[in-house]
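Please report on the structure shown here. Start with the surface, then move to the fold, the core and selected contacts.

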Amino acid sequence: MYSILLTAMIIVGVLIILAVLMQPSKQQDALSALSGGGGDLFATQKARGFVAVMQRITAVLGAIWFILGLALVYVSSH
């Protein structure tokens with residue numbers, strides 16, 4: 001059981017890395033964070049399309065990875 005959970009956690013970890021790398025860069029957001037971003041106060045929009053899908057996939061994979069980590073701790077302690 002432990003090896004199955006560990007393998008699943010490694011696979012999900014690789015999928016998280018791929019999902020993060022596939023997301024479009026946010027160069028403008030990083031620039032506005034350094035400069036204060038006062039001009040972008042009302043310019044923020046909800047993520048749509050590919051960006052929204054990738055954000056959801058990353059969040060779901062992160063939750064699965066966290067749950068697998070908790071399951072590994074539980075299995076290893078018993």
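## Surface, core and contacts

The model is predicted. Of its 78 residues, 18% count as buried.

The fold has 3 helices and 0 strands. Along the sequence the pattern reads α-α-α. Contacts between residues at least 6 apart in sequence are 95% made up of pairs at least 24 apart.

The largest nonpolar core holds 9 residues: Leu-5, Met-9, Val-12, Ile-16, Ala-19, Met-54, Leu-61, Leu-68 and Leu-72. Helices α1 (2-22) and α3 are the elements that each give two or more residues to this core. The largest share, 5 residues, comes from α1.

Two residues show what lies around them. The table leaves out neighbours up to four places away in sequence.

| Residue | Residues touched |
|---|---|
| Val-12 | Leu-61, Ile-64, Trp-65 and Leu-68 |
| Thr-58 | Ala-19, Val-20 and Gln-23 |

Val-12 belongs to the core. Among the residues Val-12 touches are Leu-61 and Leu-68, which are core members too.

Thr-58 sits in helix α3 (residues 50-77). Is Thr-58 buried or exposed? Its relative accessible area is 18%, so Thr-58 counts as buried, the cut-off being under 20%. A polar atom of the Thr-58 side chain lies 2.7 Å from the backbone oxygen of Met-54. Met-54 is itself part of the core. Ala-19, touched by Thr-58, is also listed in that core.

Technical notes: Residues are numbered from 1 along each chain as its sequence is written. This is a predicted model: local features need pLDDT of at least 70, side-chain atom pairs count only at pLDDT 80 or more; totals for chains, interfaces and linings use all residues. Side-chain values use heavy atoms; hydrogens and water are left out. Helices (H or I, at least four residues) and strands (E, at least two) are DSSP runs, numbered from the N terminus. Buried means under 20% relative accessible area, exposed over 50%, partly exposed in between (1.4 Å probe, protein chains only). A polar contact is a pair of N or O atoms within 3.5 Å; within protein, one must be able to donate a hydrogen and the other to accept it, and residues adjacent in sequence count only if both atoms are side-chain atoms. Contact means heavy atoms within 4.5 Å. A nonpolar core is a set of buried Ala, Val, Leu, Ile, Met, Phe, Trp, Tyr and Cys residues joined through side-chain atoms within 4.5 Å.
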